[in-house]
Each structure stands twice: as C-alpha cells, then as structure tokens.
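Please read it with the coordinates open.

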Amino acid sequence: MTIRTFVICCLSGLLYPGINDACAETEEGEPASDQTPLPLKYPLPSFVGTPLAYQSERLEPSSLKMRKPFLAPKDAVNAALEKPVTASDIPWLGELSQIVDGKKQHDQTFQVELPNEPQWIQIDLGAPHEVHAIVVWHYHATERVYFDFVVRTALDETLSEEVTTHYNNDHDNSSGLGVGKDKEYVESFQGRLVDAKGALARYVRLSSNGNTGNGHNHYIEVEVWASPVDK
C-alpha cells in the first residue's frame, strides 16, 4: 500500500465511517426475512479539485453521510457484471466493457467518455430480470453535476416493450425523453442508486447530456442489482 493510499483510507474512515459496512438493520427495525442489504462496495473517495461553483434550485443538497442500506431480495445479484454494453456513439476514451468490469476507481484509466450532446449507454442483462436497483458512477475525481440524467428499462433493445423511466432530471426536455422531476445531484464515490422497484426488464439504458465541467458524458461503472425470472 502506498503512503497516498494509506492516507486516503484513513481520511475515508474518518469522514465516512462504515464506508463498506453493510448493516442489516434499518430505522424501521429488522428487514423482512426474504430481503437483505445490497453488498455495495465503494471505491476510495477523491480529495482533490476545487469546490463546485454550480448552483441551481434543481440541485439537491450535498451530504457526507453514507447512504442507508438498500434492501433487496436475497437472490439479487449484479446482473450487469461483464454483460454486453452498447452506446449511441463510439467512446472518445476507454472501452464500453469497462462500464461493467467491476472497477470503480476515479482515475482516468477507469473512465469511459462519450462525445458531446445527448448520449446513452445500454446494458443487455441477457434475459428478463426483476430489477431492484441501478447504481451508476459517472465520475468522482472531483465534484460534478451531470445534466439530463435519465434511467430507463425495457424488455426489448429498442425500448418499446415494458418501458419504465426510473429517474429523469431533464427539467426542460432538452434531451427529448420527456420532462423529469428528479433532482440534479453532485457526483461522489458512492455513485447514484436508483430504485427500480422490481421492474421486469432485460435492457437498462442510461442517458446524459454533458456536465458542469464540460460537454462530455462519462461512465466509470454501472451495477444492476436484479433477480432472474423465468419467461
């Protein structure tokens, strides 16, 4: 372990106690017997860069708190791991397969960059699943906000069958996917967890339209926690 990594680990433990500590109990008490907290693993935080200057009434407040455990059926797995990924354009940086390789570090080596303008990436789970949660790490080397972030699932790759929108912060429909009411947020090492509420889907599509740092669209990792179904 390098000195830098050791220092980051120490700071992470002080600022974010329980950074990778799954807790089986919530404020409401013990979870249902058929559910368990998702075993989410977080990368080390990055303590570099200047504070974000962006302000908007649509931006949710930032928090240093670790998110509460997310409960899902015990048979839920990261169904996106090493699955096929397609996109609306050829990446300028990285390979699409990196988005589902399980590596979440903030270094540029782990980033996938798509061109300017609205872009999307899509994961084929290989078969229909009950999708419980979708966790995305766009970027977390410094503070950023990604615009027009939309998460949709469907049973078919053209998104025409059983399509569900789970998250949409495009307030003015500038990406043409409809007006969304969800908040913009500052990226962090915790990624963004989107509750999919058990939607039946095979394909997961994530869209964005630039960010506060530049017009590019980035992805480090996407996890799709889901249970297989017979169909």
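**Notes on the model**

1. The protein chain exposes about 11,800 Å², and carbon and sulfur atoms supply 52% of that area. Areas come from the Shrake-Rupley method with a 1.4 Å probe; for residues, only the protein chains shown count as cover. This is a predicted model, in which local features need pLDDT of at least 70 and side-chain atom pairs pLDDT 80 or more, while totals for chains, interfaces and linings use all residues. Residues are numbered from 1 along each chain as its sequence is written, and side-chain values use heavy atoms, with hydrogens and water left out.

2. The protein chain has one helix and eleven strands. These are DSSP runs, numbered from the N terminus: helices are H or I with at least four residues, strands E with at least two.

3. Of the 231 residues in the protein chain, 47% are buried. Buried means under 20% relative accessible area, exposed over 50%, partly exposed in between (1.4 Å probe, protein chains only). Take contacts (heavy atoms within 4.5 Å) between residues at least 6 apart in sequence: 79% join residues at least 24 apart.

4. How many aromatic pairs does the structure hold? There are five. Phe149 and Tyr185 form an edge-to-face pair, because their ring centres are 6.1 Å apart and their planes at 65°. Rings of Phe, Tyr and Trp (its six-membered ring) pair if their centres lie within 6.5 Å; planes under 30 degrees apart are stacked, over 60 edge-to-face, the rest tilted.

5. That pair links distant parts of the chain, 36 residues apart. Phe149 sits in the loop between strand S6 (119–137) and strand S7 (150–154), Tyr185 in the loop between strand S8 (164–168) and strand S9 (192–208). Phe149 is buried at 0% relative accessible area, and Tyr185 is buried at 5%. Ring pairs join Phe149, Tyr167 and Tyr185 into a cluster.

6. Check two backbone angles. Asp148, in the loop between S6 and S7, has a positive phi near 50° though not a glycine. Asp148 is buried, at 6% relative accessibility. Asn173, in the loop between S8 and S9, also is a non-glycine residue with positive phi, near 60°. Asn173 is partly exposed, at 32%.
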